[in-house]
Every structure is written in structure tokens, then in C-alpha cells.
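User: Please take a close look at one part of this chain. Then set that part against the rest of the model.

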Amino acid sequence: MIIWMIIGMAVVTAVPRFLPAFIVDLVRFPRWVDRWLNAIPYAALGALIFPGILTVKPDAPQVGAAAGLAAVLLAWLGIHIIFVVLGAIATVFLLTM
């Protein structure tokens with residue numbers, strides 16, 4: 001009985017994950033929908049990163065904001081992602097010394 005419950009839970013979990021992958025390939029969306037769907041990962045990433053920026057140092061949120069701006073500037077200049085992260089870390093380190 002328990003094995004059937006486990007199999008049932010696996011199917012119920014897997015179907016909503018796999019079904020959209022097959023449907024998206026079959027359906028053609030208008031251009032504006034494609035642009036909107038392509039922007040979702042950036043919006044989700046921003047929603048995950050922004051609260052962390054403000055809580056780097058709870059009593060001084062400007063430190064996190066400065067590090068975020070430094071990371072944006074380095075990324076905009078086309079610097080490799082490792083150096084963008086190291087630049088943000090260095091900014092926090094220098095501002096908290």
C-alpha cells in the first residue's frame with residue numbers, strides 16, 4: 001500500500017513539471033508573450049537578490065546598496081561573473097572596515 005502512495009505522489013509531482021515543457025514546444029506565442037516569458041528569470045533573480053542586498057549589514061543598509069551598485073557597474077562593463085562577485089564582496093569588506 002505504501003509503495004502505491006509513493007508512486008502516486010511521484011506522478012502527481014512529476015506531471016506538473018514535465019507537462020509545460022512539452023506544451024511550450026508545441027504552442028507558438030505572440031512576440032510580446034515571448035519577451036515577457038524571457039524576462040521572468042531576471043525578475044525572479046532580482047526578487048531573490050534584492051532582500052539580501054538590504055540585509056548585508058542590518059544596521060547599515062547603504063553598505064549592501066553600495067555593493068549592489070558596484071556589482072551592477074562591473075557587470076555592465078562586461079567583467080567576468082567571478083570578478084563581479086569578488087568586487088561586491090570587496091566593496092562590503094572595505095565599507096565595513
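Analyst: Start with residues 36–54. This stretch is 100% helix and 0% strand, and its end C-alpha atoms are 27 Å apart. Helices here are DSSP runs of H or I with at least four residues, strands are E runs of at least two, and both are numbered from the N terminus.

The model is predicted: local features need pLDDT of at least 70, side-chain atom pairs count only at pLDDT 80 or more, and totals for chains, interfaces and linings use all residues. Residues are numbered from 1 along each chain as its sequence is written, and side-chain values use heavy atoms, with hydrogens and water left out.

Residues 36–54 carry a label from a record. The unreviewed UniProt entry annotates "transmembrane region" over residues 6–24, 36–54 and 66–95. UniProt positions follow the numbering used here, feature names are shortened, and annotations may be inferred rather than shown by experiment.

Now residues 66–95. They are 87% helix and 0% strand. Their end C-alpha atoms are 9 Å apart. What lies between helix 3 and helix 4? A loop that holds Ile79. Helix 3 covers 61–76, and helix 4 covers residues 81–96.

Ile79 has 36% relative accessibility, so it counts as partly exposed. The cut-offs are under 20% relative accessible area for buried, over 50% for exposed, and partly exposed in between (1.4 Å probe, protein chains only). Ile79 contacts Leu74 and Val84, with neighbours up to four places away in sequence left out. Contact means heavy atoms within 4.5 Å.

Which residues make up the largest nonpolar core? There are seven: Ala60, Val63, Ala67, Ala71, Val84, Ala88 and Val92. Helix 3 and helix 4 are the elements that give two or more residues to this core. A nonpolar core is a set of buried Ala, Val, Leu, Ile, Met, Phe, Trp, Tyr and Cys residues joined through side-chain atoms within 4.5 Å.

Take the core member Val63. Leaving out residues up to four places away, Val63 touches Val92, Leu95 and Thr96. Val92 is itself listed in the core.

Thr91 sits in helix 4. Is Thr91 buried or exposed? Thr91 is buried, at a relative accessible area of 18%. Beyond its neighbours up to four places away, Thr91 touches Ala66, Ala67 and Ala70. Ala67 also belongs to the core.

Gly64 lies in helix 3. With a relative accessible area of 2%, Gly64 is buried. The C-alpha atoms of Gly64 and Val84 are 14 Å apart, with the two residues 20 apart along the chain.

Those contacts point back along the chain. The domain assignment puts 1–55 in domain 1 and 57–96 in domain 2. The bounds come from an automatic or database domain assignment. The C-alpha centres of the two domains lie 30 Å apart.

Next, domain 1. Phe18 is placed in helix 1, residues 2–26. Phe18 counts as exposed, at 53% relative accessibility. The C-alpha atoms of Phe18 and Pro58 are 41 Å apart, and these residues are 40 apart along the chain.

Arg28 is in the loop between helix 1 and helix 2 (31–54). Arg28 counts as exposed, at 76% relative accessibility. Arg28 and Val56 are 28 residues apart along the chain, and their C-alpha atoms are separated by 43 Å.

Last, the whole chain. There are four helices and zero strands. The pattern along the sequence is α-α-α-α. The radius of gyration is 21 Å, well over the 13 Å that the globule rule gives for 97 residues, so the chain is more spread out than a compact globule. That radius is taken over C-alpha atoms, and the rule is 2.2 Å times the number of residues to the power 0.38. Along the principal axes, the C-alpha atoms fill a box of roughly 60 × 45 × 25 Å.

Buried residues make up 13% of the 97 residues. The accessible surface is about 8200 Å², and 78% of it belongs to carbon and sulfur atoms. Areas come from the Shrake-Rupley method with a 1.4 Å probe; for residues, only the protein chains shown count as cover.
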